[in-house]
Structures are given as C-alpha cells and as structure tokens.
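These are my notebook entries on a single protein chain. I record below what I looked up, entry by entry.

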Amino acid sequence: MPGGGEVRAWTAVTGVRDGVVDFTHHYHFADGERLVSSATLRFRTEAELRSSLTTAGFVVDRVYGGWRQEPVGHGDGEFVVLARAGTVAPGF
C-alpha cells in the first residue's frame, strides 16, 4: 500500500464438490474499508483439459505442469498449455 499501509487478507473455502471449489477472499484495510470477493474454480485433469480443447477445435502441442515447463505433476500445480487452432468440431 502507498505510504506503508497494512492490508489484512485471507481466503476462506466455502464449498468443494465434483472438482469445483467455491471461495471468498477477504481484505481489511487500515482505514477500516473491507472488501469481499467470491469466486468459483473448476479443476480439471490433464485428460479433461485436452478433451475440452480438442472438442473446441484446438490442437494441443504441449502441456506443462508449471511456468518453467516442468512435467505435469511437478512445478506449481498449474497447467500451462500450448495449443493452436485446428479443425473446428461440428456444432461449434
């Protein structure tokens, strides 16, 4: 924060079901302001991600397990995907 102000922040998970996680971020500022932001994330397996991209008409060239091109299952736990436009599937 400008001038060295402090922000207290935390995240609370509010629900978990079938690969979907609901959570709320809380921010408390030194001046008393409070902000809340809620979101939902869906976590997919590599196979689910590849299938979704292929169905949407992409060709998957590579899938990494992190931003430093680590193998899936290593790195920071994110998928980094290199894909390009391919043949669009019927219905899209």
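**Entry 1: two loop residues**

I located aspartate 18 in the loop between strand S1 (7-17) and S2; strands are DSSP runs of E of at least two residues, helices are runs of H or I of at least four, and both are numbered from the N terminus. I note that this is a predicted model, in which local features need pLDDT of at least 70 and side-chain atom pairs count only at pLDDT 80 or more, while totals for chains, interfaces and linings use all residues. Residues are numbered from 1 along each chain as its sequence is written, and side-chain values use heavy atoms, with hydrogens and water left out.

I read a positive phi of about 45° for aspartate 18, which is not a glycine. Most residues other than glycine have a negative phi. Aspartate 18 counts as exposed, because its relative accessibility is 81% (buried is under 20% relative accessible area, exposed over 50%, partly exposed in between, with a 1.4 Å probe and protein chains only).

I then looked up glutamine 69, in the loop between strand S4 (58-64) and strand S5 (80-85). Glutamine 69 also is not a glycine and has a positive phi, of about 65°. With a relative accessible area of 54%, glutamine 69 is exposed.

**Entry 2: histidine 28**

I found histidine 28 in strand S2 (residues 20-29). Its relative accessibility is 16%, so histidine 28 counts as buried. Leaving aside residues up to four places away in sequence, I listed its contacts as Glu6, Val7, Arg8, Trp10, Glu33 and Arg34 (contact means heavy atoms within 4.5 Å). The side chains of histidine 28 and arginine 34 are joined by a polar contact of 3.4 Å. A polar contact is a pair of N or O atoms within 3.5 Å; within protein, one must be able to donate a hydrogen and the other to accept it, and residues adjacent in sequence count only if both atoms are side-chain atoms.

**Entry 3: the whole chain**

I counted one helix and five strands, in the order β-β-β-α-β-β from the N terminus. The protein chain is more spread out than a compact globule, because its radius of gyration is 19 Å, well over the 12 Å that the globule rule gives for 92 residues (taken over C-alpha atoms; the rule is 2.2 Å times the number of residues to the power 0.38). The C-alpha trace spans about 55 × 30 × 25 Å along its principal axes. Of the 92 residues, 20% count as buried.
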